[in-house]
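Please look over the sequence and the structure shown here before reading on.

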Amino acid sequence: MILLLTFSISYSQETNNHVHDERDISSYFDRFNSTVIGEQSIDSFLANRGISSKNFIEINKYYVAVFFKLHSAQIIKAFDDHNSIDTEIVTSFNVFLQKNSSELLFNPMEVDLEGKHYISKNIFVPNQESASFARLNYCDNLDFSNLDFSNWDTYCATTSGLLGVLQNITPYSPPSLCNGRLQHSLVTGGTDPIVPSMSRTYPGGNNLSVLLGDNQGINGRASIIRRTFNVTAQNNKLIYRYAVVLENPDHTDDEQPFFRTRLIKPDGTYDACADYLSFAGDGLPGWNSIQIGVESFEYRDWTTVLVPLTAYIGQTVTIEISVADCDRGGHFGYAYLTFDGCDSSDNLQLFCENGIYKLKAPDGGISYLWNTGETTPIINLNQPGNYSCTIVPFGATQNCNLTYNYNYQPISYTLTNPTNFCRASNNSIQVNISGGIQPLLLNYSINGGTSIQQVINSNTFNLPIDNSLPNPLNYSISVAQNSNTLSCAVPLTTSINLIDTVAPSGSQMQQFCAPATLSDITVNGTAIQWYANATGGTALPTNTDLVHNVTYYASQTLSSCESYIRLPVTVSLINPNAPTGQNTQSFCYSATINDLVLTGNNLQWYLSATGGTALPSNTNLINNTIYYASQTQNGCESINRYPVLVTITNPQAPTGTNQQTFCNNASIADLSITGNSVQWYLNATGGSPLPNTFNLSNNTTYYASQIESNCESNTRFPVFVSIIIPMLPNGKPVQYFCIENNSTLNDIVLNYNYNLVFYDSPINGNILPQDYLLVNDETIYASSYDVINNCESIGRFPIKTKIVNSELTFYNLITIDQNDLNKQLIIEGIEYFPENSIEIFNRYGNLIWSGVNYDNINNVFKGMANTGNAISASNYLPSGTYFFILKFPNDCKYSELKGFIHIDNKL
C-alpha cells in the first residue's frame, strides 16, 4: 500500500478565539527552492543527490514538516513579504539538510522496501495492516519485534479542552491514515530532530521504538496505543520506557500538549498507581526545556516505568499511552515508546561485581527503601538473611508502593571422587552443595579449556567424567546462584587418572549368511562385550540378530577394566532374494516338485514359509497346496521363500445330448454341449480339433472334449448329427388357371418333399392359407417344410399365376395395303393358351394357312397363304371371306374357336 501524507502544516497565529492559519508548504517551497546560497541553490543541492525538489519534498514530508514547524514565524512572514525573508529561510533549510542528511531519503526507491513504507531512513510503517493473533498473550510482539503493530490497538483522537481527556477516539491500523494523518510509526535509530541529544530509541535496548504522534499539531490531534493481555505469575510486572517532546505555546493548562500513561483495570476503571499525566510546562521533575528560534519545547529523555501487576494475576488488563497536540490546534506533542520483551526474571536479582555479591531491584521506581535502611536500587550483601525492598513506581504516589523479598544464602560445595578410574566406566565427580536457592548454576572446565555451564536442582550432583580426553584430567568446578554471580564463586580443582585397556583385535569386515547373531562374529580378546556405538551405550546380548552393513563395536575387559576404545566390525550379510516366477501354477491330472518352474539357483522346496525340511524332487504335488521355494547363492540359502499355489486339474468329458438334428446345414459352432472351452474331433481319440466353422455332415458322429485350467479332458463326448434338407419346390414358373374354376393354392402343381408352404414374399412375409384364391398376375412363393423337425427349405420357388378366360374373341377383318392397320388376325387371350393349332380355309374348303402355337406376334396370319396347294402360296390372298378353326386344348370350358375372316386386298 502506498502511503500518502497530506503535506500541510499550521502556522500559528492563535488568538483567544483559537484561530489558526494552515498554509501549503509545497507552494512556498516552489518559491524558494531556486534561491542561491553562495554558489549552490536548493535545487542544485538536491540534483547533486540525484533527486528533484518535488520528489524530495514528497518522500521527506516528516522532516520537511519539522523544519517548517521550527521556522513557522519566518515562513508566515515570508508569505506576506515575498523577498526579504526567503534567503534566511533557505539558509536555515540548507543547514537543516546538512544536519539531518543521514535521516533523509534521496531516492524514491528507498520508500518501499521489504514490506515497509519509510518516512525517513529510520522511521517506517508496515506496508500492510498488521494482523492480530493471540491478542491476550502477554509475550506476542510486546516489544514490537515483529516490526509491525500486531496484537496492539492503535487509535487517533482529538483534544476536548480538558487536560488529559480525549474525544473522537477512532481505531485505525497503519499504514492507513486517520483524519488524514499517520499517527503511529516504527523507529529503528537516529536522534530526535528537535532535541538532538535525545536518541529516538532506548539506549541499550533493541534499537526499536514506536513514534506516537504526527509532529504537526494541526486541529488538536492525539494518538493512542493500547495493549490488552492476561496477567500471570510469570509476567507480574510490566516495564516500559518512553521519551517525550511537547511544544510549549504557554496556553492554559487544559489547552497545552500533554502526555499520559494509564493502566485500565479489569472492571474498566483506571489504576491510580499507574496513572501519569504531564503537560508542557507543568514543572514536574524530569522534564527539560529547549528553545529553537521563537518556539519553546519541553522534553523528557528516556524514562523507565515499572507497573506492578501482582494484584491482577489471572485477570485481563490494558496499558494505554497517549500524546496530544494543543487544544487550539497549532502546537504538537509526540513520544517515543518501547516495551521490554517477555521477562520472567526474579524481581530482585542477585549478581556479583568486583568480588562482592549485590542485590538489584527492578528499574522504573522513583524511590527505593531496603530493610537495611539503604535507598539505592542496588545494595551490597555482607551476610546471609532475608532482604526486602519497597519501591514506589515512577508516576505513582507513596501509597502505591510495592515490596520485593529475597532470601540470600551463600553457597558452599565440596568434591568427592577417587583419583583413578577405568576409562570405559561411567565415572563421575560428586559435587556436594549447601546454601543458595535452587535452581543453581554449575560451572566447570577441564584442563583449562572452555567453561561449561549446567543448571542443577539438587544438593548433590554427579558430574560425568569425559573419558575421551587424555590423562591427566584436571577439573575446575564452581557453583553459583546464576551466571551473574559466577565471578564470586571460588572454583575447586581435582585431578583424575584414567586406566586404559586395549581394544580386542580381529577382522573389521566380516561376512555371514543371514540370519546371524553377535555370537557368530570372531574377535581376539577377553570377556568380549558388544555395543551399537563406539562409546557409551549398553552392552548387547550375544543373541542379538546382525543387521546388514551395520557396524558393531567390541570391547574387552582386563583386570576389571573394560577397554574404552572398541574394535569396530562391519557386518555384511549374504541374504539372497527369494526366487521369482508365477505364484500360481496349474497342472493336469498329476505333477511332482520337479514340474514346478521358478527363476533361481539351486532351488529347494518346502511345505512352510520358514523352517521344515526340503522336499524331494519326485514328491507328488497336492491340489490347492502352497509350496515354498528358496534359492542358494554363494553358499547361502535365502531366508525368504517364494510361495506357489498348486492346482491339479482332472477335467471330465463335457455333457449334453448325444443326438442332435439340424436344418439344411450346420457347423461345429451349432453343436450344443455343456463344458468349458469345448473342442470337437472326428474321432473318439487323437486327431486335430475342428474349427468352429467346420460344416457338419449328415449321419456323422462328432466327439467333444473340454478344457479346465488349461487341461483337456482325456475322454470325449460323442454326438450323432442328422441334417434335415427340405428340397426347394420346382415346376412351371408360370401356371394358368381357368377363371370359372375359382382356383386356390391347392391347384398349383409343383415337385417337393415334406409339405408345401406358400408366402406372399420371397423372404419373410406372410404364410398364405391353402384356400387362398389365386389372383391373376400374382407371384406366389413356395417352400418345403418338415413339420416334425421344424425345418424349411432354403429359399422359395416363385410361381406366376395367370387366371384365364377360355372364351376367346377375334377381329375378323384383315386389310392388305400400305399401312399397318388391321394387317393380321388378332385373337384376344391366345397368349394364355400357347399350346394351340389353327387352320384357315377359303370358301372352297381349301386349306390355305396352318400353324401351331399361335401367339399374335411371331406366329401370326397376315393374309398370306403358307400351303403349297394354295392358289397363291406365299402370296397375299385375294379379297374374300375365309374360315378358320383354332384348337387350344385345356381344362377350361372352351377349347376350340371357329370363325370367318374377311380379307380386303387393296394391292
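This is a predicted model: local features need pLDDT of at least 70, side-chain atom pairs count only at pLDDT 80 or more; totals for chains, interfaces and linings use all residues.

**The largest pocket**

The largest pocket holds about 560 Å³ of space. It is lined by 22 residues, and those closest to its centre are Lys732, Gln735, Tyr736, Tyr832 and Asn890. When the lining is sorted by class, it has 12 nonpolar, 6 polar and 4 charged residues. Strand S54, which covers residues 734–738, gives the most to this lining, with 5 residues.

Ser713 is found in the loop between strand S52 (711–712) and strand S53 (717–724). Is Ser713 buried or exposed? Ser713 counts as buried, because its relative accessibility is 5%, and the cut-off for buried is under 20%. A polar atom of the Ser713 side chain lies 3.0 Å from the backbone oxygen of Thr715. If neighbours within four places in sequence are left aside, Ser713 is in contact with Tyr589, Pro651, Gln652, Ala653, Pro654, Ser705 and Gln706.

**Salt bridges**

Side chains of opposite charge can pair when their charged atoms come close.

| Salt bridge | N to O distance |
|---|---|
| Arg328 and Glu255 | 3.2 Å |
| Asp363 and Lys360 | 3.1 Å |
| Glu896 and Lys898 | 3.6 Å |

In the salt bridge between Arg328 and Glu255, the closest N and O atoms are 3.2 Å apart. Arg328 lies in the loop between strand S18 (316–324) and strand S19 (333–339), whereas Glu255 lies in the loop between strand S13 (237–247) and strand S14 (258–264), so the pair ties together parts that are 73 residues apart in sequence. Arg328 counts as buried because its relative accessibility is 17%, and Glu255 also counts as buried, at 10% relative accessibility.

The salt bridge between Asp363 and Lys360 joins residues that both count as partly exposed, since the relative accessibility is 32% for Asp363 and 28% for Lys360. Salt bridges that share partners join these two residues with Arg241 and Asp340, so that Arg241, Asp340, Lys360 and Asp363 form one network.

Glu896 pairs with Lys898 in a further salt bridge, and Glu896 is partly exposed, with a relative accessible area of 36%.

Conventions
Residues are numbered from 1 along each chain as its sequence is written. Side-chain values use heavy atoms; hydrogens and water are left out. On a 1 Å grid over the protein atoms alone, a cavity is a set of points where a 1.4 Å probe fits but cannot get out, and a pocket is an open set with protein on both sides within 12 Å along at least five of seven lines; lining residues have an atom within 4 Å of a point. Grid points are joined across faces, edges and corners, and a volume is the space filled by probe spheres set on the points. Helices (H or I, at least four residues) and strands (E, at least two) are DSSP runs, numbered from the N terminus. Ala, Val, Leu, Ile, Met, Phe, Trp, Tyr, Cys and Pro count as nonpolar, Asp, Glu, Lys and Arg as charged, and the others, Gly among them, as polar. Buried means under 20% relative accessible area, exposed over 50%, partly exposed in between (1.4 Å probe, protein chains only). A polar contact is a pair of N or O atoms within 3.5 Å; within protein, one must be able to donate a hydrogen and the other to accept it, and residues adjacent in sequence count only if both atoms are side-chain atoms. Contact means heavy atoms within 4.5 Å. A salt bridge is a side-chain nitrogen of Lys or Arg within 4 Å of a carboxyl oxygen of Asp or Glu.
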